[in-house]
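The sequence and the coordinates are shown first, and the description follows.

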Amino acid sequence: MFRHFLLFATLFLLASTCGLAADETSPPLEGWLSIVWGDSPDAEQPAHRRLVVTDDSGRSTELAMSDELRGGVFRWNGRRVAVYSPLQGPRFTDDGALRVGALRLTDDAEVTGSVTGSEPWISLLCKFADVATEPRGLTYFQEMYANAPGGLDHYWREVSANAVDVVGSTAVDWVTLPGNQTDYAPTPGSGTTANLGAVFNDCTAAVDDFVDFSRGGSPFAGINIMVNDVLDCCAWGGSRFATLDGVTKSWRVTWNPPWAFNAEAVIAHEMGHGFGLPHANNFDGDGNPYDSPWDVMSSATGYAATDPTYGALGKHVNAYHKDSLGWFPPARRFEAPPDSSTAIELDHTALAGATNYQIAVIPVDGSRWYTVEARLRSGVYEPALVGDAVIIHQVDTSRSEPSWAVDGDEPPANYGDNPGTMWLPGERFEDAANNLAVTVDYATATGFGVTIERGDFDVLFMDGFETGDTTRWSSGP
């Protein structure tokens, strides 16, 4: 499959390229890579990302990496790696992070990125020793996992087309951590220095007497840590390599202050990071990954449906993210062959029991391609979308946010709720440099008919305008 080829190509590129000259004569630090993304409640604030390697003794070391290395390394989340120091300069930064000259995989397991089957999570409710409040009761967290509209089991089943469920998920009542709030977050509500490792260790230890993380041989997949006051700037989601109740593995983990668990969309966003998903983005190139309302992994609460108990609900993830997790069966996935022009119908990606394609993939090279999907205002999680439209994503796995929602406006909008991001019948997207085009032909009751062109064709420039190497052209009014 093209998806698997892209993953291997990306891994080879990352493994053979480094941002700094590396010292590969000295023994490297070897261990398991964990990636954690940090999200502020203020969408104007930047996103954050931490990379940690846990060695065989259980010691964790944070990494400081160049942008060249950080881009696509999210695909190695949970994998065993070797970390080589740079040839020049100090080995550690002032705040104690290990500077990275090169990163290598040390296992040769097949990388698919797929997440399927049952993925049970447990919510741990942990109070700081000096903060007595319990913002929500146990029932709130238990019922958050319900297989009913608005519940997380129902949500992940719909988003994954039943490829994933969270059956067996549960929550346990509030326990008290051994440390005060500032022991874990020196500047509560600001900065990025919360000691997430200490929160994880102390919170899991506090429930050890009555939680079996191994579940008798079928361990929890993920742990949602809910704390009773703010950490630093952010809620965090990703992974943590640890041994719990005899199970040693990379656990999916989130760290959530009250503002996060008051909106289920934020919990869905952080769980998405736990599943290994990075942020999505729009097309303005400003580095802010919260600019696209078409993905819970971007603007989680923007244009979200609401629930009287759980607030903003998560919308779906974009088609690239679903594809990377293996959530489209082959019959719902169209890949444009070379030198072709193909008319297809796309059912919207939230449609259960779809009979048409739900994603079109247009390859460019090993690390770049486009995805095309239909989105309609419908169902429990997407009735509040901006509108009904074809959404095209440009994917580049060397970026921190690989998928950008393509915007034909010039300049691109700061937020992707504009007409330029919503491709409608009579409009055509063209990437002349890569000889590909998407024409939206008509709307259907469940999506849109489109024509996908790839190869040497006569690129049409009529009353259009150029955006880099792309053009938007409309035959409509």
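**Overall composition**

The structure is a predicted model. Its chain contains nine helices and 26 strands. Of the 477 residues, 58% count as buried. The accessible surface of the chain amounts to about 17,700 Å², and carbon and sulfur atoms contribute 50% of that area. Among the contacts in the chain with a separation of 6 or more, 69% are made by residues 24 or more positions apart.

**Disulfides**

A disulfide is a covalent bond between the sulfur atoms of two cysteines. Two disulfides are found when the whole structure is searched. Counting bonded cysteines along the chain, the pattern is 1-2, 3-4. The table lists the two links.

| Disulfide | S to S distance | Torsion about S-S | Handedness |
|---|---|---|---|
| C126 and C203 | 1.9 Å | about 75 degrees | right-handed |
| C233 and C234 | 2.1 Å | -90 degrees | left-handed |

The torsion of -90 degrees about the S-S bond makes the link of C233 and C234 left-handed. C233 and C234 are likewise both buried.

**Helix α4 and its cover**

Helix α4 comprises residues 152–159 and is mostly covered, with six of its eight residues buried. Which residues of α4 are buried? They are L152, D153, H154, Y155, W156 and V159. An α-helix has 3.6 residues a turn, so residues three or four places apart point the same way. The elements that cover the buried residues of α4 include strand β9 (164–165) and the helices α8 (264–274) and α9 (319–324). Just after α4, A161 adopts a positive phi of about 55 degrees.

**A five-stranded open sheet**

Five strands make up an open sheet of mixed pairing, in the order β16-β18-β19-β20-β21. Its edges are formed by β16 (333–335) and β21 (403–405); each has a single partner strand, so one side of each is left without a neighbour in the sheet. On average, and with direction ignored, neighbouring strands of this sheet are turned by 25 degrees against each other.

Within the sheet, strands β18 (residues 359–365) and β19 (residues 368–375) run antiparallel and are joined by five bridges. For D365, the bridge partner in β19 is R368.

R80 lies in strand β4 (residues 80–84). Is R80 buried or exposed? Its relative accessible area is 15%, which is under the 20% limit, so R80 counts as buried. The side chain of R80 makes a polar contact of 3.0 Å with the side chain of D56. Neighbours within four places in sequence aside, R80 is in contact with E30, G31, W32, D56, R104, L105, T106 and D107.

Y140 is located in helix α3 (residues 138–143). With a relative accessible area of 9%, Y140 is buried. When residues up to four places away in sequence are not counted, Y140 touches F261, N262, T309 and Y310. Y310 is 170 residues from Y140 along the chain, and the C-alpha atoms of the two are separated by 8.6 Å.

E44 is found in the loop between β1 (29–39) and β2 (48–54). Its relative accessibility is 65%, over the 50% limit, so E44 counts as exposed. E44 and Y290 are 246 residues apart along the chain, with 8.0 Å between their C-alpha atoms.

Methods. Residues numbered from 1 in each chain as written. Predicted model: local features only at pLDDT ≥ 70, side-chain atom pairs only at ≥ 80, totals over all residues. Heavy atoms only, no water. Buried < 20%, exposed > 50% of the residue type's maximum accessible area, 1.4 Å probe, protein only. Helix = DSSP H or I, 4+ residues; strand = E, 2+ residues; numbered from the N terminus. Contact = heavy atoms within 4.5 Å. Disulfide = S-S within 2.5 Å. Areas by Shrake-Rupley, 256 points an atom, 1.4 Å probe, with all protein chains shown as cover. Pairing = 2+ DSSP bridges. Axes fitted to C-alpha atoms, helices over the stretch in contact; angles between N-to-C directions. Polar contact = N/O pair within 3.5 Å; in protein donor to acceptor, adjacent residues only side chain to side chain.
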